[in-house]
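Here is a short tour of one protein model, written to be read with the structure open beside you. Take a look at the fold, and then we can go through some of its details together.

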Amino acid sequence: MGAVMSALAGASRERQSRRRKQFHTVELKVRMDCDGCELKVRNTLARMRGVESVEINRKQQKVTVQGFVEPQRVLRRAQSTGKRVELWPYVPYTNPYVAPPVYDKRAPAGHVRRVDALIAPAAGREEDLATIFSDDNLNGCSVM
């Protein structure tokens, strides 16, 4: 009987080690207008299991959560406050000699909107654009 109990205890420890969460830094854009909104979001996120710190920049409407948490769970918990929440959609813009990928007037200074999702669909359009000015295209542009 003792061997069975020790085997079950060993299996539960093994399952716990597999389920350990990694340390993540989750950045969210949360619409906050006042101190009450900020306090509500801070308290809701700080009470999550595994959260180490919650930093809020109300001017940029940015919330940074650090800890052993899953990003989707943090997003759902922040949405439970009733605020408009999305993952931080901006990336730093560092190369002034190249046109910014997506201009957003609401972006903080020195940032542009993240374009990860927009890059993949645009890859197939290059072929369409090349055939517009082709001599083989009867309905194409005949400027030349």
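Predicted model: local features only at pLDDT ≥ 70, side-chain atom pairs only at ≥ 80, totals over all residues.

## Naming the elements

Gln61 has a backbone feature to look at. Its phi is near 60°, a positive value in a residue other than glycine. Is Gln61 buried or exposed? Gln61 is buried, because its relative accessible area of 16% falls under the 20% limit.

## Strand S1 and its two partners

Strand S1 covers residues 24-30, and it pairs with strand S3, residues 62-67, in the antiparallel sense. Six bridges hold this pairing on record. Within it, Lys29 in S1 stands opposite Lys62 in S3.

S1 is also joined to strand S4, made up of residues 85-87. Here there are three bridges, and the two strands again run antiparallel.

How many salt bridges does a search of the whole structure find? The search finds five. One of them is formed by Glu27 and Lys62, whose closest N and O atoms are 3.3 Å apart. This pair links distant parts of the chain, with Glu27 in strand S1 and Lys62 in strand S3, 35 residues apart.

The two partners fall into separate accessibility classes. Glu27 counts as partly exposed at 30% relative accessibility, whereas Lys62 is buried, with a relative accessible area of 16%.

Side chains of opposite charge can pair when their charged atoms come close. Helix H2, residues 35-46, holds both Glu38 and Arg42, four residues apart, about one turn of the helix. These two form a salt bridge, with 3.3 Å between the closest N and O atoms. Glu38 is buried at 18% relative accessible area, while Arg42, at 28%, counts as partly exposed.

Glu38 has another partner in Arg58, and the closest N and O atoms of that salt bridge are 3.4 Å apart. The pair links distant parts of the chain: Arg58 is in the loop between strand S2 (51-57) and S3, Glu38 is in helix H2, and 20 residues separate them. Arg58 counts as partly exposed, at 30% relative accessibility. Through shared partners, salt bridges join Asp35, Glu38, Arg42 and Arg58 into one network.

## Thr81, between H3 and S4

Our last stop is Thr81, in the loop between helix H3 (71-79) and S4. Thr81 is buried, with a relative accessible area of 8%. A polar atom of the Thr81 side chain lies 2.6 Å from the backbone oxygen of Ala78.

Which residues does Thr81 touch, not counting those up to four places away in sequence? They are Lys40, Val41 and Thr44.

Definitions and conventions
Residues numbered from 1 in each chain as written. Heavy atoms only, no water. Pairing = 2+ DSSP bridges. Buried < 20%, exposed > 50% of the residue type's maximum accessible area, 1.4 Å probe, protein only. Polar contact = N/O pair within 3.5 Å; in protein donor to acceptor, adjacent residues only side chain to side chain. Contact = heavy atoms within 4.5 Å. Salt bridge = Lys/Arg side-chain N within 4 Å of Asp/Glu carboxyl O.
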